[in-house]
Amino acid sequence: MVTDQAVFLLQLVITGVAVGAVYSLMALGFVLIYKASTVVNFGPSELVLFGAYVAWATILNMKLPLAIALPLTLVVAILLGLVIERGVLRPLIGEPIISVIMVTFGFASVVRGVLNMAWGSDTRPFPALFSSEPFHLGPVPVSPVHLWSFVTVMLLLAAFSLFFKFSLIGTAMRATADNQQVAQSLGVSVKGIFALSWCIATVVSALGGIILGSVRGGVDFSLADYGLKVFPVVILGGLDSVAGVIVGGVLIGVLENLSGGYLDPVFGGGVKEVAPFVVLVLILMLRPYGLFGRRDVERV
Amino acid sequence: MRCGDFRVSYASDERIFETRLPPVALAALLALLALVPLVAGTYWLDVLNRIGIAIIGAIGLNILVGFTGQISIGHAAFLSVGAYSTAILEVKAGVPFWLAIPLAAGLTSGFGLLFGVPSLRLKGLYLAIATLAAHFITAYVIIHWERMTNGVLGFNVPPATVFGFPLDSDARIFYLIFALVVPAVFFAKNLFRTKVGRAFIAVRDRDVAAAVIGVSLYRYKLLAFVISSFYAGVAGGLMAHHSRIVFPDAFSLLVAIDYLAMIIIGGMGSILGSIYGAAFMTLLPEVLKLGATSLTGVYPNAFGLIASARDIVFGLAIIFFLMYEPQGLARIWMRFRSFWKLWPYAY
């Protein structure tokens, strides 16, 4: 017979895996950008917010059917990616790292301001894309929202992996990540790859925002906190590793749920929010290249 | 006629003022500043006070980021440690304010030392991410150490008193703030005429070369964090006395980004730039407010849009300066000055 404690543990792990999968999805975009152009995007939250708000606007505000609203949201996300890459990052290629970091803060600020101006900061109800009636997996209740979001994310990640592995464009992206000069001399449009990696990043962030929005049943600016979890995920997995993103995301999701479940009574709440960042600092101290990252980390 | 920089001795290279006019102008400016509280209304005094505090904080961040090249997104955490330790020392331990601010700044320095440790192993974007994490950890501790900090609500701080004379109005605290701004600026200006300051710049420009000529990276990186967080500690202490309340929301990540924006817009690696940046970032929302007030007749909702308009304008300003004037307002001012110096015979 399974005890209550074991059920509690399993429940935490299952929720953690489900949320962690969404972190993986959002972190995928971050890692692609870093791999292709060594730009660190400090505005991942805003990309997530952007997707969630545009999806809300198309589905609930404009009352479009889902089959039109979702592709429309993704097209808008692609446009945002193009605008950011063309307008903001391309002029700064080759500039010092502080400039590139700050410019990502800059456009994040603009995106946040525009969203706030357009839709205000109230919580917007978000349609449940999946049914919310929990079913039982053995003794453990599982909500279908978590299951379906996990399945969706895994399918997406599998699709992206196949894309990188086998398609011509995916191969060109890997070549650019490996060595920009060689890739360019072999006829790969490196600038095109930069733009493409930003578009993929905005699309996966938007998808992450939509999934989180439907899991939570509402969209507001607190979704931004989820976007920031991208940092612990990529540091744990390795800044330039796609495999690390999947493992890191799930690990961070499970870890934050477990620490929240077991340490909250000790520290008086909120441990879930800070635990990933404690892990981040520890990983940076002990193993800065993460689990799967390339080892040539800048060291002093 | 003199038309350009001729520096033929070390003394002329090191001097602060190149001509005789600036020190006179500066003295006049300070004298004028001392008279401001007699004429200005509380609104503009409040703005000036916030500019003064921002100047101290921005100089601190510029020493770390602009001069030593260590990217920190944790400046809001430094400020919060300064503000909270000042407030706790005064409210809970009964320490008088003139002792509490230096003590709190010292504490913040120790905290900065701790923050600086990752910089010994990490640089560039890894350090930026580490300081980002440190920011969240600090914010967590402040919210959850309720016995000391009173959690999300924060607590009130009594006005500072000098010889039984309470500094409880904008005009009175104005003198305290600017009495600290002036030495803060001069200390920073002089710091970069000394061995330590030169070592900071060497670490920024090429750390390996600096290490080869005998600059201890270990020592100077930590020292930069210590000095920078001392400034932040003072600025935080003044914030606690100026707003007379400390609460966690006043030190969000956006504050850290605002300070980074100040030094980028003002000019990285420039003391004068920190002052311009602090003034720019503090005045911009006020200008937006004025604009919104005049628009309310046409568009009644204008006031509600200030917060988002501020985000958009800040973001655009950051992007604009990074693309077109990476050395910031300080550089624009220098160009303006040298244009008039040579006018009308520019060649």
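A residue is called buried if 20 or more other C-beta atoms lie within 10 Å of its own, exposed if 12 or fewer do, and partly exposed in between, with C-beta atoms placed from the backbone. Helices (H or I, at least four residues) and strands (E, at least two) are DSSP runs numbered from the N terminus. The structure described here is a predicted model, in which local features need pLDDT of at least 70, side-chain atom pairs count only at pLDDT 80 or more, and totals for chains, interfaces and linings use all residues. Residues are numbered from 1 along each chain as its sequence is written, and chains are lettered from A and ligands numbered from 1 in the order in which they are written.

## Helix α6 of chain A

In helix α6 of chain A, residues 168-178, the buried residues are A:M173, A:T176 and A:A177. These residues lie on the same side of α6(A), because they cover an arc of only 100° around the axis; the arc is that of the directions from the helix axis to the C-beta atoms. The exposed residues A:L168 and A:D178 are carried on the face of α6(A) turned away from its buried side. Packing against the buried residues of α6(A) are α1 (4-37), α5 (144-166), α7 (180-185) and α8 of chain A. Contact here means that the C-beta atoms of two residues, placed from the backbone, lie within 7 Å.

## The two chains

The table sets out the values for each chain.

| Chain | Secondary structure | Span of the C-alpha trace along principal axes | Buried residues |
|---|---|---|---|
| Chain A | 12 helices and 4 strands | about 65 × 50 × 35 Å | 49% of the 300 residues |
| Chain B | 15 helices and 4 strands | about 65 × 55 × 45 Å | 46% of the 347 residues |

The radius of gyration is taken over C-alpha atoms, and the globule rule is 2.2 Å times the number of residues to the power 0.38. For chain A the radius of gyration is 19 Å, which agrees with the value near 19 Å that a compact globule of 300 residues would have. Chain B contains 15 helices and 4 strands. Its radius of gyration is 21 Å, close to the 20 Å that the globule rule gives for 347 residues, so chain B is as compact as a globular protein of that length.

Among contacts in chain A between residues at least 6 apart in sequence, 74% join residues at least 24 apart. In chain B, 75% of the contacts between residues at least 6 apart in sequence join residues at least 24 apart.

## Packing of α2 and α8 in chain A

Helix α2 (residues 44-61) and helix α8 (residues 190-216) of chain A pack at an angle of about 65°, their axes being 7 Å apart. Axes are lines fitted to C-alpha atoms, for helices over the stretch in contact, and angles run from 0 to 180 degrees between N-to-C directions. The crossing of α2(A) and α8(A) is right-handed; a crossing has this hand if the near helix is turned clockwise from the far one by less than a right angle, and is left-handed if anticlockwise. Residues of α2(A) in this contact include A:P44, A:L47, A:F50 and A:W56, and those of α8(A) include A:A201, A:L207, A:I210 and A:G213. By class, the contact of α2(A) with α8(A) has 13 nonpolar, 6 polar and no charged residues. In this classification Ala, Val, Leu, Ile, Met, Phe, Trp, Tyr, Cys and Pro count as nonpolar, Asp, Glu, Lys and Arg as charged, and the others, Gly among them, as polar.

## The contact between the chains

The contact between the chains takes 38 residues from chain A and 40 residues from chain B. On the side of chain A that touches chain B, two or more residues come from each of α4 (97-119), α10 (230-237) and α12 (271-286) of chain A. The largest share of that side, 16 residues, is given by α4(A). By class, the side of chain A that touches chain B has 27 nonpolar, 7 polar and 4 charged residues.

A:L92 is found in the loop between α3 (66-89) and α4 of chain A. Not counting residues up to four places away in sequence, A:L92 touches A:S99, A:V100, A:V103, B:L322 and B:M323. A:L92 and A:V103 are 11 residues apart in sequence and 8.7 Å apart in space, C-alpha to C-alpha. With 18 other C-beta atoms within 10 Å, A:L92 is partly exposed.

## Two loop residues with positive phi

Most residues other than glycine have a negative phi. A:T38, which is not a glycine, has a positive phi of about 50°. A:T38 is found in the loop between α1 and α2 of chain A, and counts as partly exposed, with 15 C-beta neighbours inside 10 Å. In chain B, the phi of B:N150 is near 60°, a positive value in a residue other than glycine. B:N150 lies in the loop between α7 (146-149) and β1 (155-156) of chain B, and is partly exposed, with 19 other C-beta atoms within 10 Å.
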